[in-house]
Amino acid sequence: MTKQDTPTSLRSMTGFASQTGAWDPFRWTWDLRCVNGKGLDVRLRVPDWIDGLEAALRPLISARARRGNVTLSLRITREDAVAVPVVNTAQLDAMIAGLLEIEAEAMAKGLSLAPSRASDIAVMRGVMEQSAAQDDPAPLRAALLGDVTTVLDAFDEMRQSEGAALAAILNDQLDQVATLTAEAAALAEARKDDTAANLKRNVARILDNPDAMDADRIAQELALLAVKADVTEEIDRLGAHVDAARALLSDGAGVGRKLDFLMQEFNREANTLCSKAQSTDLTRVGLALKALIDQMREQVQNVE
């Protein structure tokens, strides 16, 4: 079984699900969606006349999502009664306070305003709300909490499906990184003779002019040249990062942050490889690695 064939529980951070439900005489529609985010931010848009619903929903969502900006909306209608208008007292108080401030400011500047009428305030945004009559919302709340799992399951199913697609893409990109890393290793091995010849020429040039530099400085310069030419560590670390990334993809559960950090490490090694290349072919491989790693980082941003 290849790495690409290995089952994964990787989940996408983004997802959407919509579900309808009923509990006579009520009908409702759930709307659940999530977009990328560094942490978990849950926002609920549910009727405030159902006591305790929001507090009960929040942990259910947190148990399903680890990262992302999650929004759950609930729209409810009642078929056996006409919705009646009710006053949103908090919004009414805010509107009245605003009107008083406006009137006070106007009077201070010598401007007289016409008295406000109740009908004027009633049509202000959010002052009057439509609410279905319900003596005890507890049975409805219980029905909603029993039904919300359907939309949560659909939400998870979509994110797992997208996660499987992401895993396939990332595994394929890791295969390409491994191929390029092997090519870099072969090029580095092939250039050893040229590197040794260059080093010998540099040593001979120094020995021909022994008064130009002291022995300690010569040793330092030669050591520095050897370090700059050696890309063994970078190649080894790239290979280790490929193995680590594949292990994370196989694990799958909540690995987005770790993969994001690992992409930074990939990029660091590719940059160092380019800076040490000292050959057109090795530079070409290093630049190809950098481009591929950038593509991987874009995909990793979608992983939960």
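Which side chain does a polar contact join to that of Arg11? Please also place Arg11 in its surroundings.

A: The model is a predicted one, in which local features need pLDDT of at least 70 and side-chain atom pairs count only at pLDDT 80 or more, while totals for chains, interfaces and linings use all residues. Residues are numbered from 1 along each chain as its sequence is written, and side-chain values use heavy atoms, with hydrogens and water left out.

The side chain of Arg11 is joined to that of Asp156 by a polar contact of 3.3 Å. A polar contact is a pair of N or O atoms within 3.5 Å; within protein, one must be able to donate a hydrogen and the other to accept it, and residues adjacent in sequence count only if both atoms are side-chain atoms.

Arg11 is found in the segment before strand 1. Helices (H or I, at least four residues) and strands (E, at least two) are DSSP runs, numbered from the N terminus. Arg11 counts as buried because its relative accessibility is 16%; buried means under 20% relative accessible area, exposed over 50% and partly exposed in between, with a 1.4 Å probe and protein chains only. Leaving aside residues up to four places away in sequence, Arg11 touches Arg64, Asp156, Arg159, Gln160, Gly163, Gly252, Asn302, Val303 and Glu304, where contact means heavy atoms within 4.5 Å.

Helix 4 comprises residues 138-190, and helix 1 comprises residues 53-62. These two helices pack at an angle of about 25°, with their axes 11 Å apart. Axes are lines fitted to C-alpha atoms, for helices over the stretch in contact, and angles run from 0 to 180 degrees between N-to-C directions. Helix 1 and helix 4 are therefore roughly parallel to each other, a description for angles under 35 degrees; over 145 counts as roughly antiparallel, 65 to 115 as roughly perpendicular and the rest as oblique. At this packing, Leu53, Ala56, Leu57, Leu60 and Ile61 of helix 1 meet Arg141, Leu144, Leu145, Val148 and Leu152 of helix 4.

The buried residues of helix 1 are Leu53, Leu57 and Ile61. They lie on the same side of helix 1 because they cover an arc of only 50° around the axis, the arc being that of the directions from the helix axis to the C-beta atoms. Their cover includes strand 2, strand 3, strand 4 and helix 4.

For the whole protein, there are 9 helices and 6 strands, and buried residues make up 33% of the 304 residues.
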